[in-house]
Amino acid sequence: MSVIIIESPNKKDKIEKISGFSTYATIGHFKDLPNSYYIDWNNYAPNFEFKSEEAKKRMNFIFSQCKDKDVFIATDPDREGYAIGYMFFLAIKNIAKSVKRAEFHEITENGIKKGLANAIDFTKSNFYEFEAFKARAVGDKLVGFILSPKYIRLLQDKNVSIGRVQTPALNLIVSKEKEINEFNKLSDDEKTSYKLKALCKCDDKEFHIESERICKDKKELDEFLDFLKDSKNALLENIEEKEIKKAPPKPFRTSQLQQKANQVYGFSSDETMLLAQQLFERGLITYTRTDSNALSIEFIEEVKNLFQDESWYERREYKAGKQSQAEAHEAIRITHTHYFKEINDVIEKANNEIKENTKKLGKNHLKLYTLIYLNSILSQAKDKISINKSFNFKIGVSPFKISISKTIYKGYEDVFKDSEINLNDEEEKNEKEDINLDFLNENSKIEILSYESKEVKKQAPSRYKESSFISLLEKEGIGRPSTYASFLPTLLKRQYVELVKKGKNNEIIPTKKGIEIVELLLENDEWITKSEYTKTMEDVLESISKNELKYLDFVKPLHQKLNFINTDENDKTPSQKQIDFLEKLCKEQGKEVPSEALKDYTLYQKTINELKKTAPKKAPSEKQIKLAQDLAQKNNLELPKDYDKNISICSNFIDSVFKKK
């Protein structure tokens, strides 16, 4: 008597087997905003429609399976997933026995049972999440459908699109290219400054010390050298010693997983998310779209139970992080702890559990799972410890210095040496452990053998790497974990950028077309190119989720920025779907279809409104009448007139009570 509703059909069999409940998949969003008349231009009310007739037919069947059943809506645990669930709830709330919101953060027996046990009545879930989704969907539609045609005309190129998120991302890439071009215009002298090195000798050992002064040109360097020429000794004033601890990388957020997978394996962001989604569906990792670094206490205890006797183990707890907007979410981690040598067995076991016609996990799944495994386990490892020694000299009154760093305990870096995967954010510089200056004492005078100059080249701005670009977007507040993977493919599809291989990574380079469209936007619609504006909009969406702001607080100012353009003003002809609806209403009332209304949208809308007024009032079901009566009694409300005769009056009353809740 229970039904579970999910998004992906790939999880269906596993969830059905574990729960024992009939399980149906929506296959993502089943409703969307159409390309015309997607909102009421007077009040901005959106007009969500089934994506296709096939989707409508499929969903109507799933709705019918919910009649008189206890329904658990377990669409993905994020805003987009909630929106799918909310639309499903609206469709079945009057026919299901009960409707609850459940969240599955991992597709395992424990994860599914926990999700069902913690499910709440859907009417008590956060309806404002849908308001935020609605604002996002309408906002993206407004920007795309108002600005894109404008720049298609300006560039005379149909392969053009403008987006609330993609456009500021492109502007970052183009701005970086401009910085590089400006740097390249500098002369060699403007790009070069100088430092002075002194070759010293003590106890028959030679070493260099370096001036802390930077000379802007050779003339200044010569003057500095002339100033020091009579100095034959350097005085070691002091030795500073500092212990440096480096913690293991935090558990993966979506952006961090995409960045590291690109650095290590060269996977694109969308390829990483596809592989991760399939690992999630097989129950091997937790939910893949997250902005949290947190780990559950249950998982931390699992790691402790398996590895607490290892010398490298250290229990660590992590918080979601300042950037997180969903503290209940975890980082991306493995669902069950095991030893490193068992990784292949885990993948093989997952493949053995699937049906014959289901695609098996391959070598790239294994690679990504290995990366997530290492990150998950090493998040519970000890720090790497280094000793940094700074030897501070004076030659005359001028400071010179040499610094040496030496690792005394490798900590997490020494645990899974066979994996050959570097989890650090950046490649570490080689440590100068071959120089040992422990024989030096403070206040010692050291003989100077000679001086030499050292060129200090100004660092040229570097292009964004594919591996680090998503982290930059996260830092800039552009987009969300659910959309990070779509940015670069969109920019590539529009031919705004290209990827050029450099070393292990790809550099992102704007094309002539990409630069041209940004320049046009800066002249005409500069606001849409700014990260700050996009970040503000993301913050407003989050405030809507918390009921601190309203849907119109997002949509109306955005439409104002777009000069209140109505994209439907030039569309005077009703669509075929609208014509079918008109013919249906006329047939029900035994009236002829006005031929003028088939050609003129204004007349069409007027006819529809008249037909709705004269349409016979459909009576509500007994179940709806009973629900209205129960709600009125429970909330001490007066039932509206004709609630038991008119389904619209009855439904509006029920909806108003739920909305107040």
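Visitor: Why is Cys-215 called buried?

Guide: In this predicted model, Cys-215 has a relative accessibility of 0%. The cut-off for buried is under 20%, so Cys-215 counts as buried.

Visitor: How many disulfides are found in the whole structure?

Guide: The search returns 0 disulfides.

Visitor: Is Cys-66 buried or exposed?

Guide: The relative accessible area of Cys-66 is 0%. Exposed would require over 50%, and buried requires under 20%, so Cys-66 is buried.

Visitor: What share of the residues of the protein count as buried?

Guide: The figure is 48% of the 661 residues.

Visitor: Which secondary structure elements does the protein have?

Guide: There are 22 helices and 15 strands. The C-alpha trace spans about 110 × 60 × 50 Å along its principal axes.

Visitor: What share of the contacts between residues at least 6 apart in sequence join residues at least 24 apart?

Guide: That share is 74%.

Visitor: How many positive and negative side chains does the protein have, and how far apart are the centres of the two sets?

Guide: The protein carries 111 positive and 109 negative side chains. The centres of the two sets lie 4 Å apart.

Methods: Residues numbered from 1 in each chain as written. Predicted model: local features only at pLDDT ≥ 70, side-chain atom pairs only at ≥ 80, totals over all residues. Heavy atoms only, no water. Helix = DSSP H or I, 4+ residues; strand = E, 2+ residues; numbered from the N terminus. Buried < 20%, exposed > 50% of the residue type's maximum accessible area, 1.4 Å probe, protein only. Contact = heavy atoms within 4.5 Å. Lys, Arg positive; Asp, Glu negative; His and termini not counted. Charge placed at Lys NZ, Arg CZ, Asp CG, Glu CD. Disulfide = S-S within 2.5 Å.
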